[in-house]
Amino acid sequence: MFSSFVLSAPLLLAGLQAVTVGAVPTISAVGSKFFYENGTQYYIKGIAYQLTPDDPLVNTAQCERDIVRMSELGTNAVRVYHVDANADHKGCMTALADAGIYVFVDLDTFTTQIEQTSPHWNETQFTRFKEVLDEFQNYDNTAGVFVGNEVLTTSNGSIAAPYVLAAARDIKAYRDSKGYREIPVGYSAADISELRPMLQNYLACSSNSSERLDFYSLNAYEWCGESSYSVSGYNELQKNATGYPIPIFFSETGCNTPAPRTFDDQAVILGSEMEGTWSGAIIYEWIEETNDYGLISYGPSVSNAAATNTLVEDGYTRQGTPTPISPDFTNLKTHWATLNPTGVVLSDYTKSTSTITVPSCPKSTSGGWAVDASSPLPTLGQTYKKGDDSYSATGTTGSAGSAESTGTSTGTSTGKSNAGNAMMVAGSATERLLAGSMVLTTLLGAVAFWL
Ligand SMILES: *[C@@H]1O[C@H](CO)[C@@H](O)[C@H](O)[C@H]1NC(C)=O
Ligand SMILES: *[C@@H]1O[C@H](CO)[C@@H](O)[C@H](O)[C@H]1NC(C)=O
Ligand SMILES: *[C@@H]1O[C@H](CO)[C@@H](O)[C@H](O)[C@H]1NC(C)=O
Ligand SMILES: *[C@@H]1O[C@H](CO)[C@@H](O)[C@H](O)[C@H]1NC(C)=O
Ligand SMILES: *[C@@H]1O[C@H](CO)[C@@H](O)[C@H](O)[C@H]1NC(C)=O
């Protein structure tokens, strides 16, 4: 949903930053769930936070003012759509970490985002994505990164999906080559009914973990006003996410018509209906602006503000003391205060991760999902050309045994190899996490002693 701004050219600030902020446990994706280092499951109670188009995480004083209210709300995550990779984020990231708030950050800019029309994935985009990862891997409270937000927005947009996955493949490989911790790499999807559940499954169906996302998330505004699990359609979302092999959550939610917003969907997402499958939700959004989704405001609309007033952009003041929007802010706060799913403990969960399987890759169909999942992913530098989708080739792609074809057929051998692969992946991530947990315990012991 984030749109409205024209991004100015990023400032290139010289200088290296040596940053380590270590006071907060990291978040890992294991199987279909997120965990803290101590093995407790992590559920997102997040807020979309983008006060200024370039980067809201550079104004430490503003972050600190906002964090007071975020903590009052019970927030444990923010999502930031655009950052300046070359800016200093230490002040805001430290303040967020101190409040137990994690950050999901989008890697792209308006000029480097993956496009739905004539999609491509090239060196310029990859360089930018790497720069953001280089910066944010410094912070233990970076919970995940997005390779795209709503790249696919129309029913015929599926041809862009391989480019999203190619970006994920390359940024994961880069992360690993640099020896960074396994910061989960995911995608934030627009809620396009014609693409459900194909997109969700396509991005997680490869038997090769290097070629699937680490998490998937959905921007969904299906629950509006007085609704329910079944009326909203969430029951269908739940059905199609059951057994999904990687974490899935709402990367935006919070329909605003009719007003006021009750956020009753939180009780279902973080309640018995969905907590076993979904990892929580990010509410759109922190600041009140023209689209009227704000939880707080820094003042009324000032559409006639002087162009020289840099505190105002797009008719709204973008810093100051946050004032809650009533009753929306309190409605959300009240829900979150009562919703504390505990999920599963990592050591119990790992006993079952070997049974996780990837979904079948969606079959390409003329006029529908137009991607043949058995085709190789785009290489860096590739641009879509008509014919790349080659849906006419469906039916000739079942060559048994090849990694690419796994999941496109429903044969038993496919299922087995999927399961084996999932087990290996979950196992190795878990070992690292458990090792980290021991280190943390030791460190905590040392800190306690030191204090
Ligand atoms: C694990 O860590 C989280 C985050 O610090 C904390 O909320 C949770 O209570 C801890 N769990 C246990 C069992 O100590
Ligand atoms: C990548 O694509 C963008 C257009 O989206 C273009 O401006 C840029 O020059 C391309 N980079 C390379 C290395 O081709
Ligand atoms: C999808 O449909 C729209 C509207 O009909 C069209 O403009 C666009 O080019 C189509 N996209 C693709 C990838 O075919
Ligand atoms: C898995 O995918 C990665 C990235 O595309 C590739 O380098 C690797 O060879 C693949 N592994 C297998 C077993 O196919
Ligand atoms: C769930 O999946 C089925 C196909 O398996 C599809 O027809 C349906 O539209 C999907 N529903 C949702 C809400 O994604």
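How many bridges join strand β9 (residues 215-219) to β10? The structure is a predicted model, in which local features need pLDDT of at least 70, side-chain atom pairs count only at pLDDT 80 or more, and totals for chains, interfaces and linings use all residues. Residues are numbered from 1 along each chain as its sequence is written, while chains are lettered from A and ligands numbered from 1 in the order in which they are written.

The protein chain contains 11 helices and 16 strands, where helices (H or I, at least four residues) and strands (E, at least two) are DSSP runs numbered from the N terminus. Of its 451 residues, 46% count as buried. A residue is buried if 20 or more other C-beta atoms lie within 10 Å of its own, exposed if 12 or fewer, and partly exposed in between, with C-beta atoms placed from the backbone. Among contacts between residues at least 6 apart in sequence, 80% join residues at least 24 apart; a contact requires C-beta atoms, placed from the backbone, within 7 Å.

Strands β9 and β10 are joined by 4 bridges and run parallel. Pairing of two strands requires that DSSP finds at least two bridges between them. Within this pair, N219 stands opposite E252 in β10. Strand β10 is also joined to β11 (residues 278-283) by 3 bridges, again in parallel, and I248 stands opposite W278 in β11. Strand β10 (residues 248-253) is mostly covered, with 6 of its 6 residues buried. In a regular strand, side chains alternate between the two faces of the sheet.

L311 is found in the loop between β12 (296-297) and β13 (312-313). This residue counts as partly exposed because it has 14 C-beta neighbours inside 10 Å. Leaving aside residues up to four places away in sequence, L311 touches T317, R318 and Q319. The C-alpha atoms of L311 and T52 are separated by 9.5 Å, although the two residues are 259 residues apart along the chain.

Two ligand surroundings were examined, a residue being near a molecule if its C-beta atom, placed from the backbone, lies within 6 Å of it. Ligand 2 is surrounded by H120, N122, E123 and T124. This shell has no nonpolar, 3 polar and 1 charged residues. Ala, Val, Leu, Ile, Met, Phe, Trp, Tyr, Cys and Pro count as nonpolar, Asp, Glu, Lys and Arg as charged, and the others, Gly among them, as polar. Around ligand 5 stand R196, P197, G233, E236, L237 and N240, which divide into 2 nonpolar, 2 polar and 2 charged residues.

Conventions. Contact = placed C-beta atoms within 7 Å.
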